[in-house]
Amino acid sequence: TRWRVCKQEKENNKNYAECLKKQDSILVHTDIAESPWVIVEGTDKLYAACKIVSTLVSRMEEALQASRTPQETPKLPETEECFRNGVLHGIDLSKSMTKEEYQVEKKKLQKKLRSLHNQMYLKRLPVVLAFEGWDAGGKGGAIKRLTQAMDPRGYEVVPTASPNDVEKAHHYLWRFWEKFPKAGHMAIFDRTWYGRVLVERVEGFATESEWKRAYREINDMEEQITNAGGILLKFWMHIDKDEQERRFHEREQIPEKQWKITDEDWRNRARWDDYEKAVDEMILRTSTESAPWIVVEGNSKYYARIKVLKTVVDAIEQKLKDFIPTIFNKYRYIVFIMATGIVVRTIAPLIQSKFQDPAVIVTDEKGKNVISLLSGHMGGANEMTLYISNLINSNPVITTATDVNKKSSLDMIA
C-alpha cells in the first residue's frame, strides 16, 4: 500500500494541527440543514464502514419515501442509535477536588483574574462568556466565583429568560447582540442564544427549519465576535441524572434555595434524553476552532468552578500575550507613539481598532517583543520624547533607534 502515501500527505501529517483548523472551517461554513455533514469516527475501520453504509441506506430510504409523497416536506431520518455522535457520553464525571485544594486554587486564580481584568480594560479587549448546561448544573456558582474577582464596573451578567414582546418582534439573535460588551469589558451570559437549538427545539417553540438554520446563523455571529479581536468562551456545565436529582431535592429542602427549583425543572428532567440528543448535536455543529465548546465535568462543584476559572484566566492571558504582536507582526518598526487625536497614517485602521488611550509602545526591531508599554494620559510630545530617549539610553536592545529624540515624537521610526 506504499503507493497510497504521497509526499503531500506526509507533509499534511506533520502539519496536522493546521490542517485540522482548515477542515474545521470547511465543516462550519458548508454544514447546512438540507445537506449536513456526517462525522465518521475513523479509528475503528469496521465501525466507520458500518456507519457510512447505515447512513447511506437511511438517506436513500428517506428519498424513496419522499418521492412517493411529494406533497410532504422531506424529513431527514434519525441516525441509528449505535452510530450517534454522543459527545456527552465520553465525559468523565468522576473528576473531583477536595475543599482544601479548591480554596488554594480559587485564591490563586482569582488573584490572577483580578490583574488580567485590569489589563483587559487597558488594552480594550472584549470578552464574552456563555454558560449553558443542565438545570442545577452549577452555572450560577461558576459565574459567582468569576465575578468575585472583578471590578463590577467592568462586567455585566446577563440572565436569559423567555423573550418579551419587543424581542419577539426582532430576529432571535438581536437581544443578544445588544448585550455584547464594548471594548475592554466582559459580558457573562447565564443561558444564551443556544436556546434556539435546545429548549426551543425540544419543546417545539421553533420549527425544524428554524432550529436547523440556527446552527449556521450562530456560527456566523460568533465568528464576527472573534474576528473583531474578542474572546468567546462557551461552557457546557455537565452533570449526570443522579446528581441532578440529588441537587433538586437539596433545593427543595433548603429554604434559601427553594426559589431555584420549579415544576418546569422537573418536567424538563423527564425529557432528559431529548435534551441530551439536542446538546450532542449542538456541540457537534457549533464547536469551532475560534469558539470551541468547553464541557465542564460538574458532578464535583469544586472541580467545575476551578476548571471554569482556569479556562478564563488562560484564555485572557494568551490573548493579551498575542495582543501586541498581532498589530506589529507585519511591520518592522522600533518605536511607535500615539497621542490623543493623532493617528499615524501608516497603520491607522489597526490603531483605531486596538487603542483608544494615548500610548507609547517600544518593541524590538522585528516588532515582536514588547520592551515597554506605557498607556494613559501623558503631558505631551516633549514628555513622550523624553520618556523614550531615557528608555533607549538605558536599554541596549534598542540602541539602533538612538536618533529617536531628533525626530518628532509623533513619527514612526523605522
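Predicted model: local features only at pLDDT ≥ 70, side-chain atom pairs only at ≥ 80, totals over all residues.

Colleague: Which helix gives the most to the lining of the second largest cavity?

Modeller: The search of the whole structure turned up 2 cavities of 30 Å³ or more, a volume being the space filled by probe spheres set on the points, with points joined across faces, edges and corners. Helices (H or I, at least four residues) and strands (E, at least two) are DSSP runs numbered from the N terminus. With 3 residues in that lining, the top contributor is helix α13 (residues 301-328).

Colleague: How many residues of that lining are charged?

Modeller: Ala, Val, Leu, Ile, Met, Phe, Trp, Tyr, Cys and Pro count as nonpolar, Asp, Glu, Lys and Arg as charged, and the others, Gly among them, as polar. Around the second largest cavity, 2 are nonpolar and 3 polar, and the charged ones number 3.

Colleague: How many residues does the largest nonpolar core have?

Modeller: A nonpolar core is a set of buried Ala, Val, Leu, Ile, Met, Phe, Trp, Tyr and Cys residues joined through side-chain atoms within 4.5 Å. Buried means under 20% relative accessible area, exposed over 50%, and partly exposed in between (1.4 Å probe, protein chains only). In the largest core, the residues with the most contacts inside it include Phe-189, Trp-193 and Trp-236, and its total is 34. Elements giving it two or more residues include β1 (127-133), β3 (186-190) and α12 (272-286).

Colleague: Which glutamate is in contact with Trp-193?

Modeller: Contact means heavy atoms within 4.5 Å. Setting aside neighbours within four places in sequence, Trp-193 touches Val-128, Tyr-172, Phe-180 and Met-221, among others, and the glutamate on that list is Glu-222.

Colleague: Is Thr-55 buried or exposed?

Modeller: Thr-55 sits in helix α3 (residues 45-68). A polar atom of its side chain lies 2.8 Å from the backbone oxygen of Lys-51. Its relative accessible area is 16%, so Thr-55 is buried.

Colleague: And Asp-242, buried or exposed?

Modeller: Asp-242 belongs to helix α10 (residues 241-253). In sequence, Asn-299 is 57 residues away from Asp-242, but the C-alpha to C-alpha distance is 9.5 Å. Relative accessibility is 61% here, so Asp-242 counts as exposed.

Colleague: What is the phi of Arg-124 near?

Modeller: Most residues other than glycine have a negative phi. Arg-124 is in the loop between α4 (99-122) and β1, and it counts as buried because its relative accessibility is 13%. Its phi is positive, near 60°.

Colleague: What about the phi of Arg-191, what is that near?

Modeller: Arg-191 lies in the loop between β3 and α8 (199-203). It is partly exposed, because its relative accessible area is 24%. Phi of Arg-191 is positive too, near 80°.

Technical notes:
Residues numbered from 1 in each chain as written. Heavy atoms only, no water. Polar contact = N/O pair within 3.5 Å; in protein donor to acceptor, adjacent residues only side chain to side chain. 1 Å grid on protein atoms, 1.4 Å probe; cavity = no way out; pocket = protein on both sides within 12 Å on 5 of 7 lines; lining within 4 Å.
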